[in-house]
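Keep the structure open while reading.

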Amino acid sequence: MSGSVETDQHVSAPVLAAYSYCEAVTGQQARNFAYGIRLLPAAKRRAMSALYAFSRRVDDIGDGPLAPEAKQTRLDETRKVLARVRAGEVEEDDTDPVAVALTHAEAHFPLPLDALDELIDGVLMDVRGETYETWDDLKVYCRCVAGAIGRLSLGVFGTEPGARGAERAAEYADTLGLALQLTNILRDVREDAEGGRTYLPADDLGKFGCSAGFGGPNPPAGADFAGLVHFEVRRARALFAEGYRLLPMLDRRSGACVAAMAGIYRRLLDRIERDPEAVLRGRVSLPGREKAYVAVRGLSGVETRGVTRKSVRRRS
């Protein structure tokens, strides 16, 4: 599996304009994601921005103020746009720039567009207000809203010819998506609670005395909130460790992109682990200089070499 490379000279002005719109959406709405994809060559960066812009549209419907029935209708309409993209029915002069960009990306990279249907399915779970009893239940949701994006991203990145274990690349991409989503869930636990959503498994909440929820800056009385957070951090770290096996299968810049995005979230986990109640006081984030450091590490190949060394030790 390999990604396509295309120069600006071979991309029409309407398509470039559509991509520019998607890149603007990405830069404004997804700073961590945008930080990672800036390490990619232009064609791959544009394709990733198209995937993000479509995904953002789906997420914004799910997170918006509309009534559930209206959200269902909007998501059905978005699924129809995806069907038009899949069928190659979107012309370059279409009035929907996201559809134009996604159509062009799909024509030049092996994108599993069915994964975007899974994303819509996951957001519909939000619209229905589903909660999750166990980690296995939550994994279904995470695979829809994040694992699917991991598999789509792999379609853009491609794998290096002859890469050892490349047949499992999609599995590792999916697992990285789970790791990122669980980190998001931990970071946004209070914000989600204020919006009436609980993602952490009920089994875990009960085990640590947190079933009452997180409506304020302090944990529920008598709860072992730190224990809950540390438990979920360990789970996320295990997912990252498994998903990082993807890195040696990617070319240098694609690997740097993945290492940068995943590295930012791993550092968020570090901050959350050090001060679990910080997620109840506000959103935990990294300063720009720390993100830049993570990007440099990604470009240097430090993370990839670390994964390779561990793989060699396991085989010896």
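**Helix packing and charge pairs**

Helix α1 (residues 13-29) packs against helix α3 (residues 42-63) at an angle of about 65°, and their axes are 8 Å apart. That makes α1 roughly perpendicular to α3, since angles of 65 to 115 degrees count as such. The model is predicted.

**α1 against α3**

- The crossing of α1 past α3 is left-handed.
- On the α1 side, the residues in contact are Leu 16, Tyr 19, Cys 22, Glu 23, Val 25, Thr 26 and Gln 29.
- On the α3 side, they are Arg 45, Arg 46, Ala 47, Ser 49, Ala 50, Tyr 52, Ala 53 and Arg 56.
- Sorted by class, the contact of α1 with α3 has 8 nonpolar, 3 polar and 4 charged residues.

**α8 against α11**

- Helix α8 (residues 169-187) and helix α11 (residues 225-243) pack at about 155°, with axes 8 Å apart.
- α8 is therefore roughly antiparallel to α11, because the angle is over 145 degrees.
- α8 also passes α11 in a left-handed crossing.
- From α8, the contact draws on Glu 171, Tyr 172, Thr 175, Leu 176, Leu 178, Ala 179, Leu 180, Leu 182, Thr 183 and Leu 186.
- From α11, it draws on Glu 232, Val 233, Arg 235, Ala 236, Leu 239, Phe 240, Glu 242 and Gly 243.
- By class, this contact of α8 with α11 holds 11 nonpolar, 3 polar and 4 charged residues.

- Side chains of opposite charge can pair when their charged atoms come close.
- The count comes to 29 salt bridges, taking a nitrogen-to-oxygen cut-off of within 4 Å.
- Arg 84 forms one with Asp 94, and the closest N and O atoms are 2.8 Å apart.
- Arg 84 sits in helix α4 (residues 68-86) and Asp 94 in the loop between α4 and α5 (97-108), so the pair ties together parts 10 residues apart in sequence.
- Arg 84 is partly exposed, at a relative accessible area of 27%.
- Asp 94 also counts as partly exposed, with 23% relative accessibility.

- The side chains of Asp 114 and Arg 86 meet in a salt bridge, 3.3 Å from N to O.
- This pair links distant parts of the chain, with Asp 114 in helix α6 (residues 114-127) and Arg 86 in helix α4, 28 residues apart.
- Arg 86 has a relative accessible area of 35% and is partly exposed.
- Which residues do salt bridges that share partners join into one network? They are Arg 79, Arg 86, Asp 114, Asp 117 and Asp 121.

**Salt bridges: a buried pair**

- Asp 188 and Arg 187 meet through their side chains in a salt bridge, 3.0 Å from N to O.
- Are Asp 188 and Arg 187 buried or exposed? Asp 188 is buried, and so is Arg 187.

**Phe 109**

- Phe 109 lies in the loop between α5 and α6.
- Phe 109 has a relative accessible area of 5%, so it counts as buried, the limit being under 20%.
- Between Phe 109 and Glu 91 there are 18 Å in space, C-alpha to C-alpha, and they are 18 residues apart in sequence.

Methods: Residues are numbered from 1 along each chain as its sequence is written. This is a predicted model: local features need pLDDT of at least 70, side-chain atom pairs count only at pLDDT 80 or more; totals for chains, interfaces and linings use all residues. Side-chain values use heavy atoms; hydrogens and water are left out. Axes are lines fitted to C-alpha atoms, for helices over the stretch in contact, and angles run from 0 to 180 degrees between N-to-C directions. Helices (H or I, at least four residues) and strands (E, at least two) are DSSP runs, numbered from the N terminus. Angles under 35 degrees count as roughly parallel, over 145 as roughly antiparallel, 65 to 115 as roughly perpendicular and the rest as oblique. A crossing is left-handed if the near helix is turned anticlockwise from the far one by less than a right angle, and right-handed if clockwise. Contact means heavy atoms within 4.5 Å. Ala, Val, Leu, Ile, Met, Phe, Trp, Tyr, Cys and Pro count as nonpolar, Asp, Glu, Lys and Arg as charged, and the others, Gly among them, as polar. Buried means under 20% relative accessible area, exposed over 50%, partly exposed in between (1.4 Å probe, protein chains only).
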